[in-house]
Amino acid sequence: MTALNRVPSLMARAGTASALTIAAVGGSIVAPGLSSEAEAATPATKALQVAASKKGSPYRWGAVGPHRFDCSGLTLYSYKKAGKKLPRTAAQQYNKSRHISAKSRKAGDLVFFHSGSNVYHVGIYAGKGKIWHAPKSGDVVRLQKIWTKSVWYGRVS
């Protein structure tokens with residue numbers, strides 16, 4: 001059996017994100033010992049992978065994981081797992097991130113939704129105009145198309 005043939009069984013045993021989840025975020029399959037890509041992954045890429053792995057987790061206001069999240073709780077948790085510290089709320093995270101243009105955005109950057117100068121929601125950019133986020137009460141962590149132009153972007157350094 002080749003190393004590539006073992007990837008699905010290795011992933012199943014490891015309890016990692018499914019191949020479909022990885023494909024949805026534009027990533028590649030990395031199994032321990034099979035690639036040096038894991039060492040090269042940036043904190044933003046790692047945070048994006050963590051957020052994607054939480055697909056289906058229920059929204060709960062004020063929750064920071066590991067099983068329930070609100071929007072900023074998901075970004076805080078994801079970046080913490082990637083080795084970066086973020087403040088608690090979406091507005092605080094916006095103030096802490098390096099502001100970038102929409103043209104400069106990359107997968108793993110934060111997407112801040114605002115009304116005027118008020119930041120009210122945050123997600124992690126997944127590429128192709130989509131974000132991973134914890135939308136609202138009664139919903140779950142999911143991948144969704146950005147639905148408004150009232151967004152700002154931030155990069156965690």
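Helices (H or I, at least four residues) and strands (E, at least two) are DSSP runs, numbered from the N terminus. The model is predicted: local features need pLDDT of at least 70, side-chain atom pairs count only at pLDDT 80 or more, and totals for chains, interfaces and linings use all residues. Residues are numbered from 1 along each chain as its sequence is written, and side-chain values use heavy atoms, with hydrogens and water left out.

View A. Pro-66 sits in the loop between helix 4 and helix 5. In general, most peptide bonds are trans.

**View B. Helix 4 packs against helix 5.** Helix 4 spans residues 43-53 and helix 5 spans residues 71-81. Their axes are 8 Å apart, at an angle of about 125°. Axes are lines fitted to C-alpha atoms, for helices over the stretch in contact; angles run from 0 to 180 degrees between N-to-C directions. The two helices are therefore oblique to each other (under 35 degrees counts as roughly parallel, over 145 as roughly antiparallel, 65 to 115 as roughly perpendicular, the rest as oblique). Their crossing is right-handed (the near helix is turned clockwise from the far one by less than a right angle).

View C. By class, eight residues are nonpolar, one is polar and one is charged.View D. The second largest pocket is lined by 14 residues. Its volume is about 210 Å³. On a 1 Å grid over the protein atoms alone, a pocket is an open set of points where a 1.4 Å probe fits, with protein on both sides within 12 Å along at least five of seven lines; lining residues have an atom within 4 Å of a point. Trp-61, Asp-70, Cys-71, Ser-72 and Tyr-120 lie nearest the centre of the pocket. Helix 5, helix 6 (90-96) and strand 3 (118-127) each give two or more residues to the lining. Strand 3 gives the most, with three.

**View E. Lys-128 has a positive phi.** The value is near 55°, in a residue other than glycine. Lys-128 is found in the loop between strand 3 and strand 4 (130-133).

How values were computed
Ala, Val, Leu, Ile, Met, Phe, Trp, Tyr, Cys and Pro count as nonpolar, Asp, Glu, Lys and Arg as charged, and the others, Gly among them, as polar. Grid points are joined across faces, edges and corners, and a volume is the space filled by probe spheres set on the points.
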